[in-house]
Amino acid sequence: MSVLTRDEAQTRAQFLDVQRYRIELDLTTGGEDTFTSRTVIHFTARTAGDTFVEVKPAVLRSVTLDGQPLDPEALAGNRLALTHLTAGPHELHVDAVMNYSHTGEGLHRFTDPADGETYTYTQLFMEDVQRVFAAFDQPDLKAAFDLTVKAPDGWKVLANGITEQQDDGRWKAATTPLISTYLVALAAGPWHSVTTEHAGLPFGLHCRRSLAPHLDADADELFEITRQCYDRYHEKFDEPYPFDSYDQAFVPEFNAGAMENPGLVTFRDEFVYRSAVTDTERQTRAMVVAHEMAHMWFGDLVTLQWWDDIWLNESFAEYMGYQTLNEVTHGGSGGCPPRWRGTDTWVDFGIVRKAWGYDADQRPTTHPVAPAPEAVPDTASAMLNFDGISYAKGASALRQLVAWLGEKDFLAGINTHFNRHKFANATLADFIDSLASATDRDVHAWARQWLGTTGVDTLTPTVTEADGNWHLTVTQHGDRPHRLTVGAYDRDLNDGRHLVLRERFDIDVPQGEATTARPGRRPALLVLNDQDLTYAKVRLDETSAETALRSLSGVPDALTRAVLWNTLRDMVRDGELEPAAYLESARAHLADEADLAVVQGVLTFAAHITDRYLPAGERPTALALLTDLTRALMRRTEDGSNPGLRLTAVRHFIDAAAQPDTIRGWLDEGSVPGGPELDPELRWRILTRLAVLGATDEQEIAAALTADPSATGEEGAARCRAALPTPAAKEAAWTAMFQSDTLSNYLFTATAQGFWQPEQADILQPYVARYYQDAVPLANRRGPAIAEAAGRYAFPMPVVDADAVHLGETCLDQADLLPALRRKLADQVDDLRRALTVRG
């Protein structure tokens with residue numbers, strides 16, 4: 001298969017004007033393997049010449065151009081040449097049989113083990129539209145789409161526009177406005193739906209029937225967040241919502257968190273909670289709703305011209321999702337879920353998403369937020385940029401831009417951008433020009449410094465006292481100017497464990513250093529980037545470091561505590577703080593931590609330290625520390641006052657269990673003493689840990705699957721079976737992952753998650769070399785989605801030694817690596833090197 005190059009796309013965009021697609025899909029033929037796709041494309045050639053159309057069929061049955069047949073055998077890979085075109089209008093007809101997908105690419109087909117019902121949905125991003133219908137597949141050839149679908153009786157068809165069932169049983173979708181090919185969407189199956197109206201538009205929520213009770217339980221919350229975000233965006237944006245409906249479909253085995261298809265957003269259906277979750281997890285779901293809705297304007301209404309500007313989509317939606325959700329919940333009242341009132345979504349961003357960006361930006365595979373066009377020469381290379389840089393770093397850069405520019409001018413520039421480029425395409429230069437039109441500041445220079453460079457700057461304070469003042473010098477190790485807030489904290493005279501805010505002040509730090517003087521004695525704690533408005537690693541002066549380690553839980557603001565925890569995290573990763581010191585800080589302070597996002601973030605990194613950054617001999621002590629810490633959190637929540645914190649503590653207690661007795665008792669009793677009752681997620685979590693410890697067997701796993709014959713039950717069973725510490729179990733799991741090619745994307749991931757366990761080093765050692773032998777051909781056979789999963793989940797992460805690094809480096813020297821696998825392996829091998837350094 002040929003990937004589309006940027007040069008080819010530019011040439012074709014200059015040559016063609018594509019007006020309309022008419023797509024007819026028949027999902028009633030071909031059984032479980034294939035479906036029929038018929039496409040008519042109306043386009044105009046601006047001059048005489050040659051081009052090509054893309055399609056990836058099982059069988060290409062016929063092609064006609066302006067009524068004249070073309071030879072289907074002329075299809076070369078995924079390209080069909082269209083030669084000797086005359087200037088003027090043309091009509092292309094393509095009739096093909098297409099394969100259903102089981103990897104989340106193209107038209108994915110899934111049969112629910114809970115009730116036997118079948119569902120299909122599209123994920124057409126980048127170049128997977130070619131798996132569903134023929135197309136001139138590039139983002140800057142926008143067109144109107146007419147979609148008709150013949151589906152089995154009892155099915156409902158959802159699409160970008162409102163759908164209606166015709167007299168002949170077919171479903172017809174309303175014609176779309178001009179959109180890119182990758183944004184066309186379809187979801188067909190016996191969906192359970194909940195509908196309402198808002199602002200004159202139909203809103204819908206949809207899921208598998210087996211999840212209906214769980215969606216119904218959360219429908220009011222989901223609709224309320226959807227309505228609030230919709231209204232808030234209409235306050236921010238001059239351009240009204242540009243589509244005729246707003247459906248949100250929760251679909252099975254979805255590779256991403258969600259996809260911003262106009263009028264039909266698709267989400268992974270883990271967001272329909274069948275087990276207990278924390279309020280922070282609900283907040284994350286709400287942020288994803290806000291993120292995808294932001295795409296309706298930035299990404300769908302105005303679309304990138306080529307994939308080098310993917311950050312324009314994702315960074316904007318990431319920033320706007322967190323900011324808008326924060327506005328409708330933080331300190332709010334009108335209708336938002338009561339448990340969220342007064343919460344700050346930027347805390348979760350700071351301790352979870354931002355860490356993702358920092359990690360990605362310190363690897364050899366880092367890239368600018370806005371890479372140079374020549375750095376993204378084709379679609380395969382573009383796929384590699386969906387990472388913490390394009391999302392978290394880009395959103396952080398926009399947050400810094402708003403701090404520097406002011407929100408009023410920022411929104412004015414955004415609205416200019418929408419007005420100039422609606423239903424069309426735009427570049428980074430267009431975006432910056434729009435922002436520049438709203439301010440006297442040099443936005444172009446800012447963009448060069450922030451968007452065109454790589455790496456994480458480090459900000460270091462130096463504090464001195466003289467003449468009744470304290471003096472601060474901020475030294476920047478990097479290339480970007482920063483506007484940041486500095487927080488000065490004193491000890492509470494009535495309670496030495498707590499700190500009080502003396503003052504916050506803003507400071508501009510250019511390249512080099514900046515200085516300021518403040519009256520009085522130096523504070524006990526000085527926090528650079530106190531409100532987390534910039535993107536940089538920060539360090540603490542000696543006095544502040546001592547205060548933070550002793551009194552971190554006494555800092556009054558959760559966002560400031562998140563900044564401090566990130567500082568400790570960075571210091572561990574950079575070899576400046578012993579991993580054990582971080583764990584001791586967690587034990588000292590988490591028991592008093594009030595913000596659940598902070599607790600979850602710190603416990604997650606503590607588990608990472610235990611699994612990767614400590615030598616094997618120190619792991620039992622670390623597990624014991626985590627057990628003590630989570631037990632303390634459970635004691636704190638015995639009165640039922642904080643169920644989210646208790647659930648978090650229970651989960652991490654299970655994961656850290658070094659002996660099976662306690663969690664085996666929970667499983668046998670069906671509950672944790674004092675709560676909660678064990679729901680499916682907790683039961684499978686316990687059973688997985690028992691499998692790792694060798695305290696369960698195939699008979700118990702099979703019985704658990706019989707009791708929970710759901711999709712997540714199948715995944716849980718696959719995870720448990722792969723985690724069993726026996727040669728037969730490991731070999732069976734390996735064969736399923738790397739040789740059978742029958743696992744869906746989700747079952748592959750579940751199996752991989754169970755396979756590699758730090759406690760099983762001896763039995764797993766032979767598989768380290770086998771991984772590199774088998775992952776490369778697997779990726780080439782099964783494609784990018786499985787390649788990414790193999791690189792992320794099936795990688796031998798617990799094996800941290802020089803031999804493992806050498807094997808990885810040798811594999812990366814191979815010329816035939818699929819780009820998606822190469823990128824993941826490069827990241828994983830670099831993380832191995834860092835783990836070795838930290839251990840040293």
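Ser-101 counts as buried, with a relative accessibility of 6%; here buried means under 20% relative accessible area, exposed over 50% and partly exposed in between, using a 1.4 Å probe and protein chains only. This is a predicted model, where local features need pLDDT of at least 70 and side-chain atom pairs count only at pLDDT 80 or more, while totals for chains, interfaces and linings use all residues. Residues are numbered from 1 along each chain as its sequence is written, and side-chain values use heavy atoms, with hydrogens and water left out.

Back to Ser-101: you'll find this residue in the loop between strand S7 (88-99) and strand S8 (106-111). The helix and strand labels are DSSP runs numbered from the N terminus, with helices being H or I of at least four residues and strands E of at least two. Setting aside residues up to four places away in sequence, Ser-101 touches Leu-107, His-108 and Arg-109, where contact means heavy atoms within 4.5 Å.

Now for Thr-34, which sits in strand S2 (residues 34-45). Thr-34 counts as buried because its relative accessibility is 16%. Neighbours within four places in sequence aside, its contacts are Thr-29, Val-97, Met-98, Asn-99 and Tyr-100. Val-97 and Met-98 turn up again around Pro-57, which touches Leu-75, Ala-96, Val-97 and Met-98 when residues up to four places away are not counted. Pro-57 itself is in the loop between strand S3 (49-54) and strand S4 (59-65). Its C-alpha is separated by 8.1 Å from that of Asn-78, 21 residues apart along the chain.

His-84 has a positive phi of about 55 degrees although it is not a glycine, and it belongs to strand S6 (residues 79-85). His-84 counts as exposed because its relative accessibility is 71%. Ala-199 also isn't glycine, and its phi is near 55 degrees, a positive value. Ala-199 is placed in the loop between strand S15 (192-198) and strand S16 (201-207), and at 56% relative accessibility it counts as exposed too. Then there's a cis peptide bond, which joins Gly-675 and Pro-676 with omega at about 5 degrees. Look for Pro-676 in the loop between helix H17 (661-669) and helix H18 (680-692).

What about helix packing? The axes of H2 and H4 come within 10 Å and cross at roughly 105 degrees. That makes H2 roughly perpendicular to H4; angles of 65 to 115 degrees get that label, under 35 is roughly parallel, over 145 roughly antiparallel, and the rest oblique. The axes are lines fitted to C-alpha atoms, for helices over the stretch in contact, and angles run from 0 to 180 degrees between N-to-C directions. On the H2 side, Ile-225, Gln-228, Cys-229, Arg-232, Tyr-233 and Lys-236 meet Met-320, Gly-321, Gln-323, Thr-324, Leu-325, Glu-327 and Val-328 in H4. Cys-229 counts as buried, at 0% relative accessibility. Cys-720 is buried as well, at 0% relative accessibility, and the structure holds zero disulfides, a disulfide being a pair of cysteine sulfur atoms within 2.5 Å.

Helix H8 (residues 407-421) has 15 residues and reaches 21 Å from its first C-alpha to its last, close to the expected 21 Å; the expected span is 1.5 Å times one less than the number of residues. Its buried residues include Phe-410, Leu-411, Ile-414 and Phe-418. The buried set packs against helix H2 (212-236), strand S20 (302-304), helix H4 (310-329), helix H7 (389-405), strand S21 (424-426) and helix H9 (428-436). Just after H8, Phe-423 takes a positive phi of about 60 degrees.

Finally, there's helix H16 (residues 643-656), whose 14 residues should span 20 Å and whose end C-alpha atoms are 20 Å apart, which agrees. H16 is mostly covered, with twelve of its 14 residues buried. Among them are Arg-646, Arg-651, His-652 and Phe-653. The partners for the buried residues of H16 are helix H3 (279-295), helix H14 (596-613), helix H15 (619-636), H17 and H18.
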